[in-house]
Amino acid sequence: MAGVELSKIRKTFGGTTVLHELSLSIRSGEFVALVGGSGCGKSTLLRLVAGLDEPTAGEIKIGGRVVNGVGAKDRGVAMVFQNYALYPHMSVRENMSFALRLAGLPAVEVAARTAEAARMLRLDEHLDKKPGQLSGGQKQRVAMGRAMMRRPEVFLFDEPLSNLDAQLRVQMRAEISRLHRRLKSTVIYVTHDQVEAMTLADRIAVLRDGRIEQVGAPLDVYHDPQTKFVASFIGTPSMNFIQAAGLAGVNSPKDAVDVGIRPERIQLNSAPGLIRLGSGSVSLVETLGATALVHVALKDRELVIATPAGGAPALDSAAEAWTEPSALFFFDARGARVS
Amino acid sequence: MDRGKRGRAVAACVLFLPAVLQLFPLFYLLCMSFKIGGEVMSYPPTVLPKSLNLANYRSALHSAPLWRFLLNSLFVSFAITFLQVFTAILAAFALARFDFPGKTAVFGLFIATMLVPGEVTIIPNYFTLARFGWIDSFAGLIIPWSASGFGVFLLYQFFRSVPKELEEAAALDGASRLRFLFQILVPLSLPAITAFAVYAFISAWNQYLWPLVVVQSTSMQTAQIGLGMFRSQNESMSWGVIMAATSMLIAPTVVLFVFAQKQFVRGLTMSGLKG
Amino acid sequence: MKGSRALACALLLPALAPLLLFTVYPALQSLWLSFHEMAPFSRDTVSVGWENYRLLWSSPEYWHCVRVSCLFTLYTVIPSLALSLGLALALDSNPWFQGFFRTVFLLPVSISSAMAAMLWLFLYNPTAGYLNFTLERLGVSGPNWLGDPRWALVAVAIATVWKELGFNIIFFLAGLSGVPQELHEAATLDGAGWWSRLRHVTLPILSPTIFFTTVVSIVNSFQSFGQIHILTGGGPAGETDTLVYNLYRDAFVHFRAGYASAQAVILFLIIFAATAIQFRIARSKAHYG
């Protein structure tokens, strides 16, 4: 297996710069998720690693070798596409073995590897079907099988689960996780879904407007967001923000403009040592089962509070929001974290 | 359910009369080809022949080298079809999947060639071919028609609709661009390619003015010209024989069309020409 | 994905070379010739400037041909579009013998216009033709189709519609297959009957196809040649003398190459304008695609 080293990558299309001097180092065997909203450059970055595009400036190393200018097929990478990109006129078997046949491997070897991948992905009985006859989840597994067949140094995933329904997505998430543990390969995984990133990745890189906002282990990013954007992007439901000026009884740092509080850290009852965030009436209660999301309308904004479902207040009742001082994140006018 | 059935019955009835009208001229032609002597011009005119007499076919084949004409036409039409399909595949691939300067201009040029009235090109092309020494040769019949702007346009539309991820997946799988074209894009585009091939074959088979100008010797005549020649040489010949000859010369395209029309419709449907 | 430019050129060349040599070059030569006049039976040319165009502009015969071409377009395009749209709708909603009906309607497309014209020549025959015989049995006295100046253009138009109908049907069937079934179902749930589904769902979605087919039909009708050549030869009394037919006669019968070339250029401009409009509108309606 091989690590991937990106240094000072810049990519421009026409006059627009999509990636700004971006650097990222991925260890061998590591699972890194690139997350961000649409247009943040995460897919572009993946395509640069794959060799489907060339960077305008900067260097890409795979396994210590500079691969700028090296063709996609010679980089030792495999990619799973969002829409699977299976060849519609070929059977599952032909789809999976296409690369190996092109590489001129002996038929016995090709057959053995196909059988192995099919067994691993539980596709044995579908090998002679065409992609059109498969369900979404099966197509997804074929796409992964095709990628596995070449025993690549690096796996690239481009929003692989976004075309699946919610239940299947959870299943496939587990499947990808299992495969990664088993193959111990390096993975770069692009997604806009931060839950996927949190659950799968060893490290998350949050991208915004062609720059990396923060890189770190999922829980580190969650507990210690460096910018307001990262704080709001990671975590569901997303973080509440109120103005620092309106908060009484707290020693706000000098430059603090906004204060962020995660919904699960807000309480509806007062207790010693808590800070009062404000009061208002309950405008909406969403019951998710064990927990409930309570929306409380303050004067100028709404707070979302996650509470155990049993303790949720009634609609339109008055409510007060409280939290511990340690749950507060302060951000300056430019969105950077201050403390 | 009942209403649906009634609707379908109405549709079938609506279709019936136009279908009869549309089919009648061809049916009439076929019937005429079996009529002998005065039966063709009899009054009142009849539709059905008295018997399925093949005499007209025999005398048609005897009085002119129709077989030779047919073989010439088949060879020329297949060659033109093959060349047009092949050149259109390559050019459409370049236009749909490559970036190069002047692409819009080249594309516009292909479109513009569809608009030039055929009559305009006949005389200059005759002189060009005379310079090449291709008059009265298969090359002269085939080479000027070896590319088609319409074909390039049609396949371009189709190639563009194939997701680009397929080509990227193929590149990662180690396929060169030409291998992607011939192993993935062409098999995927077979409906459109078949549709265009049928169109090209029918157009080539039905060419009239150009073979008339280029062909001089009898042995090089194509079916269409052969029929005209056949008619003028046999003024006295009965209409029945002419109709028999016509039937034989229409048959290849009609048969081809009956078998290929489903593909033809499907190919055009999938080429982005839909609404 | 970036490819090598050399490969792109190599791919384009086999199609580009013959088209440049055998279509673009003759077209440019026609343009050049349209500003010249060629002495009959020789290849000497004299530059005459815009003279050929001036002659055309002031020629009553040419304006007559413009009128005939426009009438011919009117007689062929409107009935052909109306019929083919109706038949395509019926075909689309009729599951019985669909393949058979479709084949029947498309069949004449496969026949050359020369052969089709031969067929109609016989059907139109005033004495032995089956058409007038049938009309007579219905109590109508049929005209001398191809010999009567009032009917000749109509007769040619009927033969043309018969042959071209299938071509339009193909396009409409293709367009209809692009109408999503859910839209029909949604409209049915909204209480729309057959007629209002047609008006408010099918036709709007089909409108780019209708437009495309209209333009293609207009272009084709301006280029029609074979059937006129065989059925009427431009007659009687010049009533079927279209722009293309006039061009053909000036080029190949009267050997006035420059004059004919000027006509070719004008014809090309007319067809080009029709196509340019089609492209412009097709692009603005791209959201239907």
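Q: Domain bounds come from an automatic or database domain assignment; what does the assignment give for chain A?
A: Chain A gets domain 1, covering 4-226, and domain 2, covering 240-338. This is a predicted model, where local features need pLDDT of at least 70 and side-chain atom pairs count only at pLDDT 80 or more, while totals for chains, interfaces and linings use all residues. Residues are numbered from 1 along each chain as its sequence is written, and chains are lettered from A and ligands numbered from 1 in the order in which they are written.

Q: How many Å separate the centres of domain 1 and domain 2 of chain A?
A: Taken over C-alpha atoms, the centres of these two domains of chain A are 38 Å from each other.

Q: OK, into the strands. Which ones does E1 of chain A pair with over bridges?
A: Strand E1 of chain A, residues 4-13, has an antiparallel pairing with strand E4, residues 57-62, over five bridges. E1(A) also pairs with strand E2 of chain A, residues 16-26, again in the antiparallel sense and over seven bridges. Helices (H or I, at least four residues) and strands (E, at least two) are DSSP runs, numbered from the N terminus. Two strands pair if DSSP finds at least two bridges between them.

Q: What does A:Val4 face in E4(A) and in E2(A)?
A: In E4(A), the bridge partner of A:Val4 is A:Ile62. On the E2(A) side, A:Val4 stands opposite A:Ile26.

Q: How many bridges does E11(A) make with E12?
A: E11(A) has four bridges to strand E12 of chain A (residues 258-261), in the antiparallel sense. One of the residue pairs is A:Gln243 with A:Asp258, the latter in E12(A).

Q: What about the open sheet of five strands in chain A, what's its order?
A: That open sheet runs E13-E17-E14-E15-E16 in chain A, and the pairing is antiparallel. Its edge strands are E13 (266-267) and E16 (302-308) of chain A, each pairing on one side only. Within the sheet, strand E14 (residues 275-287) and strand E15 (residues 291-297) of chain A pair in the antiparallel sense over six bridges. For A:Glu286, the bridge partner in E15(A) is A:Leu293.

Q: Switching to chain C. How many helices and strands are there?
A: Chain C has 12 helices and two strands. Read from the N terminus, its elements go α-β-β-α-α-α-α-α-α-α-α-α-α-α. Its C-alpha atoms fill a box of roughly 75 × 70 × 35 Å along the principal axes.

Q: At what angle does H3(C) pack on H9(C)?
A: Helix H3 of chain C (residues 60-93) and helix H9 of chain C (residues 194-223) pack at about 140 degrees, and their axes are 9 Å apart. That makes H3(C) oblique to H9(C). Angles under 35 degrees count as roughly parallel, over 145 as roughly antiparallel, 65 to 115 as roughly perpendicular and the rest as oblique. Axes are fitted to C-alpha atoms over the stretch in contact, with angles from 0 to 180 degrees between N-to-C directions.

Q: Which residues meet there?
A: From H3(C), they are C:Ser69, C:Phe72, C:Thr73, C:Thr76, C:Val77, C:Ser80 and C:Leu81. From H9(C), they are C:Thr213, C:Thr214, C:Ser217, C:Ile218, C:Ser221 and C:Phe222. Residues are in contact if their C-beta atoms, placed from the backbone, lie within 7 Å.

Q: And how many Å apart are the axes of H3(C) and H7?
A: The axes of H3(C) and helix H7 of chain C (residues 152-177) are 7 Å apart, and the packing angle is about 40 degrees. These two helices are therefore oblique to each other as well.

Q: Last one: how many residues go into the contact of chain C with chain B?
A: Chain C puts in 80 residues and chain B 71. On the chain C side, helix H1 (residues 5-33) gives the most, with 19 residues.

How values were computed:
Domain bounds come from an automatic or database domain assignment. Two residues are in contact if their C-beta atoms, placed from the backbone, lie within 7 Å.
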